[in-house]
Amino acid sequence: MKRHVLTAIFSKSLYKGDSEEELRRYTAMAAFSNSEAESESDLSNLFKPIYLKEVPHLSHYVPNLQTRPNPLDHNPYFNTHHLHDHGFYLTHSDLVLRQIENNPSPFPRFAYHRAGPRKHIHFDPSHVRAAIVTCGGLCPGLNTVIRELVVGLWHLYGVRHIMGITAGYRGFYSSEPLPLNPKLVHHWHNVGGTLLQTSRGGFHLNDIVDAIQNHAFNQVYIIGGDGTMRGAVKIFEEIQRRKLGVAVVGIPKTVDNDVGIIDKSFGFQTAVEMAQQAISAAHVEAESAVNGIGLVKLMGRSTGHIALHATLSSRDVDCCLIPEIDFYLEGKGGLFEFLDQRLKENGHAVIVVAEGAGQDIIPRTDSQKEERDESGNLVFLDVGVWLKSELNNWWAREHPHELFTVKYIDPTYMIRAVHANASDNLYCTLLAHSAIHGVMAGYTGFVTGPINGNYAYIPLEDVAQANNPVDTKDHKWSWVRSVTNQPDFVRT
């Protein structure tokens, strides 16, 4: 019989400055034994060191930073004094592991500080001036995050100076802030969009940081997607360069779920749920016609998560096309051959396509190849309109005297504009409160989000650089193909 003693060791080099007692706690070896079972698996990955991703703290560059007891001690709804022994307040040693599977990988293993309240805070709530801004496109849950930031700051920590920045980043320097309070935002979670308004572009770093200084903001909550997070990194770095006592936190927002590291982005589950309505409508239209095809375009510039999850949830989809998979129309194994067979078998078909799919095979003019939006992203051509046209041309060419119809549905703006569902509303609340606890504890330059179901504080720069493509080699994509029976679009 083989005995496996597996150890997970935290790297001491990441804890310089901590006491030996704390180091012993951090590097305490987690031993696991498999005394009876034989195994041929490679378990060596469990021996790899785990590196802590430190989050910047105001004390790193603001001298004489004061600490004070957490006012939650006096909050009648939190029994902090009775729960100390059970860990109500989190400490430096409360960590969240990013890699929890024993998968052979050449990459290092990382841990992050767990999100939640700390016993001591570094802001006097009576002196806090908080700014909240939403940037980029709409997403279900934006108003919920705003509401919960306001309510959390107000009721948990007693902050009374909370301002909303209107119209995105440009609102810092182009308009007066909007005072926010719990009464004003009370019903905001029931409304779609963002009542602070939003915009793309308008990122002028010095103007933004100058406005932060002029308004004496010392907490800045930035809600947006990957482009917004890259801007937040620059704001944090400039604030750090000026040695300002201003904490910056990002709350990642992308309906496409394309932000990396965290489990998911808020609004994603609502988007998948709403996409079902479009797919159901497309299925009814296709099934009610002779040789009918229902074509649904869903959001997803660089990733196909919405299309993938909507396909798995619906079970009415015959083909799912995402940006991570190249597909072709003509020839053996192509889309047209597959659809021809499916129409012969069932008399109808439903196609779901993510907006970023097929962009490399859609003809473009020279000017279209260079066109960018206000955020600097390449302007995509409408894959749905193009695919509908190609389908009609194919059928007219191959079956000129047979009935055929394509019903194209683009629910993009309907999905973006709805308010969050119950699951996303809860998620938005946890994100907002996690951000507040981190900022009040003096952390800055971080993003909050769930990793393997546990909320953590992640360096802003890491999130700004990470992406989250669909892994077409994992089980989930195999499930999609098993549900749709679609080809792999690999030319032979």
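Author: Here is a walk through parts of this predicted model.

Reader: What is the strand order in the open sheet of 4 strands?

Author: The order is 14-15-13-16, and the pairing is parallel.

Reader: Which strands stand at the edges?

Author: Strand 14 (319-321) and strand 16 do. Each has a single partner strand, so one side of each is left without a neighbour in the sheet.

Reader: How much are neighbouring strands turned against each other?

Author: By 15° on average, ignoring direction.

Reader: Take strand 13. How many bridges join it to strand 15?

Author: 7 bridges, with strand 15 covering residues 348-354. The two strands run parallel. Lysine 297 has valine 353 as its bridge partner in strand 15.

Reader: And how many bridges to strand 16?

Author: 5 bridges, again in the parallel sense. Strand 16 spans residues 405-409. There, leucine 295 is partnered with tyrosine 408.

Reader: Which residues point which way?

Author: Gly292, Gly294, Val296 and Leu298 point one way. Ile293, Leu295 and Lys297 point the other way. Both sets are buried, lysine included.

Reader: What about strand 14? How many bridges join it to strand 15?

Author: 3 bridges, and the two run parallel. Leucine 321 stands opposite valine 353 of strand 15.

Reader: Which strands does helix 9 touch?

Author: Helix 9 packs on the sheet and touches strand 13, strand 14 and strand 15. Its direction makes about 145° with that of strand 15.

Reader: Switching to aromatics. How many pairs are there?

Author: The count comes to 13 aromatic pairs. One of them joins phenylalanine 336 and tryptophan 394, with ring centres 4.8 Å apart and planes at 10°, so this pair is stacked.

Reader: Which helices hold those two?

Author: Phenylalanine 336 lies in helix 9 (residues 335-346), and tryptophan 394 lies in helix 11 (residues 383-398). The pair therefore ties together parts that are 58 residues apart in sequence.

Reader: Are they buried or exposed?

Author: Both phenylalanine 336 and tryptophan 394 are buried. Tryptophan 394 also pairs with tryptophan 395, edge-to-face, at 5.4 Å centre to centre and 80° between the planes.

Reader: And what is the relative accessible area of tryptophan 395?

Author: It is 4%, so tryptophan 395 is buried. Tryptophan 394 counts as buried at 4% too.

Reader: Which residues make up the cluster?

Author: Phe336, Trp394, Trp395 and Phe404, linked by ring pairs.

Reader: Now charges over rings. What does arginine 301 sit over?

Author: The ring of phenylalanine 380, with the charged end 3.9 Å from the ring centre. Lysine 264 has its charged end over the ring of tyrosine 427, 5.2 Å from the centre.

Reader: On to helix 6. What span should its 16 residues have?

Author: At 1.5 Å a residue, helix 6 (residues 226-241) should span 22 Å. Its end C-alpha atoms are 23 Å apart, which agrees.

Reader: Which of its residues are buried?

Author: Thr228, Met229, Gly231, Ala232, Val233, Ile235, Phe236, Glu238 and Ile239.

Reader: And what covers them?

Author: The cover includes helix 5 (205-214), strand 11 (219-224), strand 12 (247-252), strand 17 (446-451) and helix 14 (460-465).

Reader: What follows the helix?

Author: Helix 6 is followed by lysine 243, which has a positive phi near 55°.

Reader: Last topic. Where is alanine 456 found?

Author: In strand 18, residues 454-459. Alanine 456 has 0% relative accessibility, so it counts as buried.

Reader: What is alanine 456 in contact with?

Author: Setting aside neighbours within four places in sequence, its contacts include Val96, Tyr112, His113 and Val447. The C-alpha atoms of alanine 456 and leucine 97 are separated by 9.3 Å, though they are 359 residues apart along the chain.

Reader: And arginine 68: where is it found?

Author: In strand 4, residues 68-69. At 30% relative accessibility, arginine 68 counts as partly exposed. Arginine 68 and alanine 441 are 373 residues apart in sequence, and 9.7 Å apart C-alpha to C-alpha.

Terms used. Residues numbered from 1 in each chain as written. Predicted model: local features only at pLDDT ≥ 70, side-chain atom pairs only at ≥ 80, totals over all residues. Heavy atoms only, no water. Buried < 20%, exposed > 50% of the residue type's maximum accessible area, 1.4 Å probe, protein only. Pairing = 2+ DSSP bridges. Phe/Tyr/Trp six-rings, centres within 6.5 Å; stacked < 30°, edge-to-face > 60°. Lys NZ or Arg CZ within 6 Å of the ring centre and 35° of its normal. Expected span 1.5 Å × (residues − 1). Contact = heavy atoms within 4.5 Å. Axes fitted to C-alpha atoms, helices over the stretch in contact; angles between N-to-C directions.
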